[in-house]
Amino acid sequence: MAGPVGLAEPAVAAGDHPGSPARPTGRVVAKEGLVVRTGPSNRYRAVGAKRYGTVVGIACRVNGQRVKGNPVWYRLSDASYAWSSERGIVSEGAEPRWC
């Protein structure tokens with residue numbers, strides 16, 4: 001893919017209810033931004049993008065297509081339910097659970 005698709009807003013990373021534990025979060029570190037997809041491979045349809053520096057909520061992680069040698073992808077917790085390679089996101093705080 002030549003570049004990011006449409007840029008999406010940051011995800012909400014807090015729990016669903018006041019007092020619930022915060023969900024794991026990550027920060028987009030890919031300088032060109034990050035394309036998010038419907039599954040853990042670049043063969044899945046692109047559904048948007050996240051800008052460099054955006055904080056995203058992470059629902060869980062899964063092994064998928066290797067990107068620069070790393071097979072771990074994050075399922076984001078925003079409404080898109082898209083996946084993004086761990087190589088473009090640095091996890092902050094709690095380690096995401098496996099899906």
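Trainee: Is Val-29 buried, exposed or in between, and why?

Mentor: Keep in mind that this is a predicted model. Val-29 has a relative accessible area of 34%, so we call it partly exposed.

Trainee: Where is Val-29 found?

Mentor: Val-29 is in the loop between strand E1 (25-28) and strand E2 (34-37).

Trainee: And which residues make the nonpolar surface patch?

Mentor: Val-29, Tyr-52 and Val-90 make that patch, which covers about 250 Å².

Trainee: OK, inside now. Which residues are in the largest nonpolar core?

Mentor: There are 10 residues in that core: Val-28, Leu-34, Val-36, Val-56, Ile-58, Val-72, Tyr-74, Leu-76, Ala-82 and Ile-89. Two or more of them come from each of E2, strand E4 (55-67) and strand E5 (70-76).

Trainee: Which element gives the most to this core?

Mentor: That's E5, with 3 residues. As a general point, nonpolar side chains in soluble globular proteins tend to be buried together.

Trainee: Switching to strands. How many bridges do E4 and E5 pair over?

Mentor: E4 and E5 pair over 6 bridges, in the antiparallel sense. For one spot to look at, find Asn-63, which stands opposite Val-72 in E5.

Trainee: What about the turn in that hairpin?

Mentor: The E4 and E5 hairpin has 2 residues between its strands, and Lys-68 in the turn has a positive phi of about 50°.

Trainee: How many bridges join E1 to E4?

Mentor: E1 and E4 are joined by 3 bridges and run antiparallel. Thr-25, for instance, has Gly-57 in E4 as its bridge partner.

Trainee: Last topic, disulfides. How many does the structure hold?

Mentor: It holds 1 disulfide. The link joins Cys-60 to Cys-99, with an S to S distance of 1.8 Å. The pair of Cys-60 and Cys-99 is right-handed, with 90° about the S-S bond.

Trainee: Which parts does the pair tie together?

Mentor: Cys-60 lies in strand E4 and Cys-99 lies in the segment after strand E7 (89-92), so the pair ties together parts that are 39 residues apart in sequence.

Trainee: Does Cys-60 count as buried or exposed, and why?

Mentor: Cys-60 counts as buried because its relative accessibility is 3%, and the cut-off for buried is under 20%.

Trainee: And what does Cys-99 count as?

Mentor: Cys-99 counts as partly exposed, because its relative accessibility is 49%. Exposed would need over 50%.

Terms used. Residues numbered from 1 in each chain as written. Predicted model: local features only at pLDDT ≥ 70, side-chain atom pairs only at ≥ 80, totals over all residues. Heavy atoms only, no water. Patch = residues over 30% accessible without salt bridge, like charges linked within 9 Å, V, L, I, M, F, W, Y side chains within 5 Å. Areas by Shrake-Rupley, 256 points an atom, 1.4 Å probe, with all protein chains shown as cover. Salt bridge = Lys/Arg side-chain N within 4 Å of Asp/Glu carboxyl O. Helix = DSSP H or I, 4+ residues; strand = E, 2+ residues; numbered from the N terminus. Buried < 20%, exposed > 50% of the residue type's maximum accessible area, 1.4 Å probe, protein only. Core = buried A, V, L, I, M, F, W, Y, C linked by side-chain atoms within 4.5 Å. Pairing = 2+ DSSP bridges. Disulfide = S-S within 2.5 Å.
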